[in-house]
Amino acid sequence: MNSSMKKIDEFYELEVGDDLKSSKNFNEDLAPTKVSERTWSKFNIAALWVGIAICVPTYTLGGILTNYFGLSVVEALVTILIANIIVLIPLTLNAFAGTKYGIPFPVMLRSSFGIKGSNIPCMIRGLVACGWFGIQTMFGGLAIHLFLSSISSAWASLGGIGEVIGFFIFWLLNIIVVLKGANSIKWLETLSAPLLLIVSLGLLFWASGKVSYVELLATPASRPETDGFAKYFFSGLTAMVGFWATLSLNIPDFSRYAKSQKDQIIGQVIGLPLTMFMFSSLGVVMTAASVQMFGVTISDPISLIGQIENPFIVAIAMVMIVIATLSTNTAANVVSPTNDFQNIAPKYIDHTKGVLLTGLVGILLMSWELMKKLGWIASDVSVEGFISNWLLAYSSLLGPIAGIMIVDYFMIKKQSLDVLALYKEDAYPSVNWTGMFAFLIPVSLTIVAITFDTLMWFYNYGWFTGAVSGAVLYYAISQFSPKSYVSSELSNV
C-alpha cells in the first residue's frame, strides 16, 4: 500500500502506507496528526499561552529591562507589550502549516533546509530549549525545596542539598508529564490557566497596599541622561521578542492539534500579549514592594515568598509556583527538543528517547548551578544575568530561521507542501542550500560583529536584522532554484 494525502475540509490527512513506514525519515511521533486528533479549541490554545507565559522568567522581565537595558518602569512595560504583539506575527504565520497538514516543527523545517539540513536549525532550537528547561527546573526545584522546608525543619536544614534534590524531583515531574503525550499537556495547561490567573491577580491586589503605583510608574530610567531613548528601547525590544522567538519557530508542534486556523490565531492573540504584560507588571510591582516589606530588592517571586514567615502561606504559594513552572516547562521547553532529537534519526530515537535526551542535556547545561549549590564550585554568574545576556545572543540565531520559514511556506510554496516528499527517502534534497545560505550569511555577520566589534547594530537588533535578512536572502536565492516541491501529492486527493 502506498501513502497518500486526503483533504478533509480545510485539513489534509496523511494515509500512511508501507512505503512511508519503511522510510528512515519517518516515525509515528513525527507523522502528521490525524484530523480526529486535532481537538484544541481557541480556549485550549489561549490556556496553553497563559500556562506558558506565567513563569518566573516572565516575572523578572521588567527588572531585566530596567536594570540591564536602562529603561524606566513605564518604558519597560510598554516594551514588553509591543514585543509580544510583534512576536504574534511569526507565531501565527508559522502555525499555519502545522494546522493545515498536522506536521511538527522539524518536518516543516525540511521544506526550507532539506531532510538532513533541517537538523542544524533543529539543534539550535532544541539546545536553547534544553537550556531553558534547566533554568525553569532550577526555579521549580527551589519552589519544591521551600515548600518542603515550610513543613519540615529537618528539610530546611539541608540548604543547598535540598535545592538540588528539589531540582531532580521537579525534573522527574516534567519528564512524566511529557512522556504521557500531548493530551496530558493540553489538560495541564487548561486546568492551570485559570488558577494561575487568579493567583496572579490576588498577588497584585495584595501588593497594592504596600507600594505606591504613582511613585513606581514615575521611577526614572537608569541610563545616562545624555543618552537617547531609541538605542535602549530597540535593544530591549529585541531581547523581549527573543524571549518567545523559540516558540515562534516550533509553534507547529502545538498548532498541529488545533481545530482550525481561526482557533490557533484567536487563541494566541487572546493568550499571549496581555498575559505577558500582566505578569511582567506583577513582577515590577512585587519587586518594588519587596523593599518596603523586607528592606532589600528581591527580583524573583520564589525568593520573595520564601521571606514570608507564615509557613502555611509559603506552602500554598510554592505549590502554585510549582504548577506554574511545570505548565511552562513541559510545553515550552520539552516538547520542541523531544521532536528535534527525533528528527536526527527517526528510526532510532522515538518520543520516549527524545524526552530523556532533553532531560539529560538540561541537567548538563545547569550543572554549574547545581555544583554551586552543593558548594563544589564558586560562581558569580546569576541566573537573571544569564537570562538577560542569553536572550539577545540566541535571538540573533533564531531570527533568520523564522524569516526563512515564513517566506518558504507563504511565498515560495504558496501554502502548498509536498508532505509525502518530506518523509520519503530520496524524494527531497538532503540539504536545501537555499535555506542554508540564507541562514549562514546573517549568522556570519553576527559572528563578525561580536568578534571584531563592528556592525554591532546587526547584533544588537539581532532578531529583526536576522529575520529580515534571512527572509530576503531566501526569497532572492529561491528565484534561481530549479524545483519548488509544491504539493504534487494533491493529485492523490
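Author: Lys42 is partly exposed, with a relative accessibility of 35%; the term covers values between buried, under 20% relative accessible area, and exposed, over 50% (1.4 Å probe, protein chains only). The side chain of Lys42 meets that of Asp263 in a salt bridge, at 3.8 Å from N to O; such a bridge is a side-chain nitrogen of Lys or Arg within 4 Å of a carboxyl oxygen of Asp or Glu. Asp263, by contrast, is buried, its relative accessible area being 10%. Because Lys42 lies in helix H2 (residues 42–53) and Asp263 in helix H15 (residues 261–271), the pair ties together parts that are 221 residues apart in sequence. Helices here are DSSP runs (H or I, at least four residues), numbered from the N terminus.

The model is predicted, so local features need pLDDT of at least 70 and side-chain atom pairs count only at pLDDT 80 or more, whereas totals for chains, interfaces and linings use all residues. Residues are numbered from 1 along each chain as its sequence is written, and side-chain values use heavy atoms, with hydrogens and water left out.

A search of the whole structure finds eight salt bridges. Another of them joins Lys6 to Glu15, with 3.5 Å between the closest N and O atoms. Lys6 is partly exposed at 34% relative accessibility, and Glu15 is partly exposed as well, with a relative accessible area of 36%. In the bridge between Asp408 and Lys413, the closest N and O atoms are 2.9 Å apart, and both residues are buried.

Definitions and conventions
Helix = DSSP H or I, 4+ residues; strand = E, 2+ residues; numbered from the N terminus.
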